[in-house]
Structure formats: C-alpha cells, structure tokens
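Here is a friendly set of exercises with worked solutions. Take a look at the sequence and the structure, then try each task before reading on.

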Amino acid sequence: MRSRKFLKAEQAPLAWDAPGLVAGVDEAGRGPLAGPVVAAAVILDDQRPIRGLADSKTLTALQRERLHDQILAKALCCSVAQASVEEIDTHNILQATMLAMRRAVEGLRLKPAKVLVDGNRLPTLDVLAEAIVKGDARIKAISAASILAKVHRDRLCEQLHVEFPHYGFAGHKGYGTPEHLEALQRHGACVHHRRSFSPVAAALARTGTIPVLPADAALLPDAAQIAAAAESVRLDLRTAP
C-alpha cells in the first residue's frame, strides 16, 4: 500500500514573470522646494557585479560618486530623466515623479521584460512592472537607480548654486532647511523654486513679485532647451553580451 507521504501532492513554485532583462527604477527630489524631480532606470549585468550597492540615502557623497561611475561602466544600460519645475507645478509632484520614471524607462537602450519600481506606485508603462516598498534597500537594480538619480540631481543643484549662490543650493540641495527657508524670506523665490510648494507660495505671496532671475538671465536656456532637458537623458553604455 502506498504511503500517505506518496499520496500527498506537493506544489512546485511557478515563475509567472516573463523571462528577460529586469530594470530597477527610483527617483530623487520629491521633497525639495526647488529643482526638477529626477528618475533613473538601470539594467544591471549579472556577469559584472557591483559591490556596495545600497539605498543612496545610506551612502556618503563619496561612496555615491564612486558607485555612480561603476554603474555607468558595468551596467548593461542606464537612463536618467527628469520632470521640470513647471511640470511639477502643473501636474503635482506625484504625477511629475511618475512622468520622470516613465521617461527613464522609455530612455533605456534595451527594453526590459520587467520593471521594478521603488515605492508603492507605478508609472504608466508598456511592460510588466512591480512596485516594491523599500526596494532601494532590497533590490540591487533599484539601489543602482537610486544612486544615479541622487548623484545626477545633486550635480544639478550645484549648477543652480552657481546661478543663485545666496540660496545655498549646493549644501541643502533644495530641501527646506532653516538656511533655505531664511534665504526665501530674505530674497524671495527664484525661477527654479516650485511655486506649488507652500513655503515658496508663501514667499511669493509675501513679496508679491515674480520669481527672481539671475544677474545673467540672458544666458539662461530658451524654452525649447528647457523642454529638451526635461526629456530622458539616454546613457548607452555598451552592447549586451
């Protein structure tokens, strides 16, 4: 007679995901009072692992810079994209973040079979996607995307600092620190501030003026250049093996 163990059915795990490349996606800059929101998408190369990948917020600036260069050198492909301050004020920060993420995925040279997105919301995509809470600490591809997005946005803020040094963008990166809020009180808002964010709206209401332009305003890019900058920055790194 057959044993009960023999008669008991055992279930084998089934993989429903489509086979193929997996991209990690994350953003940087949802909370700041100024500057664009930036998103990155990364498809890592299993044959070229990168040591030390982690949530960008847990890394030092030096560690992020080092890993940023390794990601660009070793990943199958990467894409960095952004949504402008104008888009943030028009659509709200959540929708602008989803827009930047979608642009980042669409900017990948290789099309992934699945996209893993940090957080609990997904942008509109034409591929299979999954939202993963705290994915930047759990999924290496998302960690890599978080590093690229963070470094890219930090560099943008350093450029803003050159235009408007009195706001201190190089230090606080646009976040609402006491230093930044004091600068808003003293100087009002500049063209890079998000007017839909309450501290900026309050500064504009108090001064009753339009956002401040830099002294070399004639050197600012025209509307076409600004629109182009909001689109995906594609990084074609190397061909797939």
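**Exercise 1. In which loop does K134 lie?**

This is a predicted model, in which local features need pLDDT of at least 70 and side-chain atom pairs count only at pLDDT 80 or more, while totals for chains, interfaces and linings use all residues. Residues are numbered from 1 along each chain as its sequence is written, and side-chain values use heavy atoms, with hydrogens and water left out.

Step 1. K134 sits in the loop between β5 and α5 (135–138). Helices (H or I, at least four residues) and strands (E, at least two) are DSSP runs, numbered from the N terminus.

Step 2. Check the backbone: phi of K134 is near 60 degrees, a positive value in a residue other than glycine. Most residues other than glycine have a negative phi.

Step 3. K134 is exposed, because its relative accessible area is 61%. Here buried means under 20% relative accessible area, exposed over 50%, and partly exposed in between (1.4 Å probe, protein chains only).

**Exercise 2. How many of the 14 residues of α4 are buried?**

Step 1. The count is 11 of the 14, so α4 is largely enclosed by the rest of the structure.

Step 2. Among them are I93, L94, M98 and V105.

Step 3. Now test the length. The expected span of a helix is 1.5 Å times one less than its number of residues. For α4 this gives 20 Å, and the end C-alpha atoms are 20 Å apart, which agrees.

**Exercise 3. Which residues are buried in helix α8 (residues 178–187)?**

Step 1. The buried residues in α8 are H180, A183 and L184. They cover an arc of only 100 degrees around the axis, so they are on the same side of α8. The arc is that of the directions from the helix axis to the C-beta atoms.

Step 2. Turn to the face away from this buried side: the exposed residues P178, Q185 and R186 are carried there.

**Exercise 4. Describe the second largest pocket.**

Step 1. Its volume is about 430 Å³. On a 1 Å grid over the protein atoms alone, a pocket is an open set of points where a 1.4 Å probe fits, with protein on both sides within 12 Å along at least five of seven lines; lining residues have an atom within 4 Å of a point.

Step 2. The lining of this pocket consists of 26 residues, and D26, E27, A28, K57 and D118 lie nearest its centre.

Step 3. β1 (22–28), α4 (93–106) and α6 (140–163) each supply at least two lining residues, and α6 gives the most, with 4 residues.

**Exercise 5. What separates the C-alpha atoms of L33 and S198?**

Step 1. L33 is in the loop between β1 and β2 (37–43), and at 6% relative accessibility L33 counts as buried.

Step 2. Along the chain L33 and S198 are 165 residues apart, yet their C-alpha atoms are separated by 8.8 Å.

Note on methods. Grid points are joined across faces, edges and corners, and a volume is the space filled by probe spheres set on the points.
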